[in-house]
Amino acid sequence: MDVAVVKTGVSTKRFIQISDCHLGPLTSETLLGLNTDESLHDVLALILNKEPRFDYMVCTGDIASAGHENCYRRFIDIVHQYFSQPFAWLPGNHDSTSIMSHLSLPELPESRAIDLGNWLVILLDSVVPFKVHGNFEQSELDYLERMLTANPDKHIMVMLHHQPVLVGSEWIDQYILRNADSFFAMLDRFPAVKAVVWGHVHQDFNSERNGVKLIATPSTCVQFKPNCNEFTVDTLMPGYRWFDLNDDGSLVTGIERVTGKQYIIDYKSAGY
Ligand SMILES: [Fe+2]
């Protein structure tokens with residue numbers, strides 16, 4: 001596994017996360033009635049408006065609704081319509097890890113470790129092929145351990161697709177990262193880890209474990225209502241998360257959501 005670190009400037013610490021775009025093979029794709037291309041454009045336009053200076057963007061998976069190659073090409077094209085800053089991605093359960101890793105494009109996001117001054121952001125693959133839940137293969141945990149061992153002087157953010165802790169909704173908590181115990185046991189050995197950040201749950205979530213911030217981020221399309229045992233669509237708007245990563249290892253974060261739009265969404269759907 002490649003452990004190369006991509007360098008950006010040491011003074012750059014504004015970091016943007018988008019997640020769960022669910023783009024279809026065609027631009028007409030909808031999720032529960034919502035056109036996912038349209039909502040992605042709306043979120044990127046919001047970022048363009050709110051973030052005059054950011055340094056790096058990451059998408060934490062479920063870029064495609066069903067892993068079609070043209071979804072990934074279109075996603076990259078759309079992002080580049082708005083931004084020239086570097087961005088990276090990691091796969092979600094709806095994605096095709098092999099297509100994502102084999103696309104031969106010059107602008108392909110390849111970094112799995114992002115150097116942001118005093119911070120290092122490590123991207124992990126938690127996908128189990130053809131399953132909705134997550135699990136880290138041993139090779140992925142080994143990669144994380146190598147990166148943590150090789151970077152003792154960095155503040156660390158770890159990003160993945162699946163939630164490693166229960167978020168409080170039974171229907172989606174069955175699709176948790178199954179071997180989170182092994183993951184956290186490793187993090188416990190490395191106090192430089194400051195935050196674990198994911199997507200998948202389509203909602204804002206903030207918690208803490210042993211001094212490590214645990215954070216989930218809204219989708220760029222449909223939102224899932226927190227603390228619901230049955231699948232429930234939320235009326236909240238699509239959005240993104242921003243981070244200010246401070247040199248001392250502290251961080252400030254928040255979410256922004258699209259305003260002034262009305263989408264046609266099937267709020268009564270029993271699933272997606
Ligand atoms: Fe997902």
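Ser39 makes contact (heavy atoms within 4.5 Å) with Leu34, Thr220, Cys221, Pro238 and Tyr263, residues up to four places away in sequence not being counted. The model is predicted, so that local features need pLDDT of at least 70 and side-chain atom pairs count only at pLDDT 80 or more, whereas totals for chains, interfaces and linings use all residues. Residues are numbered from 1 along each chain as its sequence is written, and side-chain values use heavy atoms, with hydrogens and water left out.

Ser39 belongs to helix α1, residues 36–50. Helices (H or I, at least four residues) are DSSP runs, numbered from the N terminus. Ser39 counts as buried because its relative accessibility is 0%; buried means under 20% relative accessible area, with a 1.4 Å probe and protein chains only. Buried residues of α1 also include Thr36, Asp37, Leu40 and Asp42, as well as Val43, Leu44, Leu46 and Ile47.

The N-terminal end of α1 is capped by Asn35, of which a side-chain oxygen lies 3.1 Å from the backbone nitrogen of Asp37. The 15 residues of α1 should span 21 Å at 1.5 Å a residue, and the end C-alpha atoms are 21 Å apart, which agrees. The expected span is 1.5 Å times one less than the number of residues in the helix.

Leu177 lies in the loop between α5 (170–173) and α6 (180–187). With a relative accessibility of 1%, Leu177 counts as buried. Its contacts, again without residues up to four places away in sequence, are Ser126, Gly134, Asn135, Phe136, Leu160, His162, Gln163, Pro164 and Phe183. Leu177 and Val132 are separated by 45 residues in sequence and by 9.8 Å in space, C-alpha to C-alpha.

How values were computed: Helices (H or I, at least four residues) and strands (E, at least two) are DSSP runs, numbered from the N terminus. Buried means under 20% relative accessible area, exposed over 50%, partly exposed in between (1.4 Å probe, protein chains only). A polar contact is a pair of N or O atoms within 3.5 Å; within protein, one must be able to donate a hydrogen and the other to accept it, and residues adjacent in sequence count only if both atoms are side-chain atoms.
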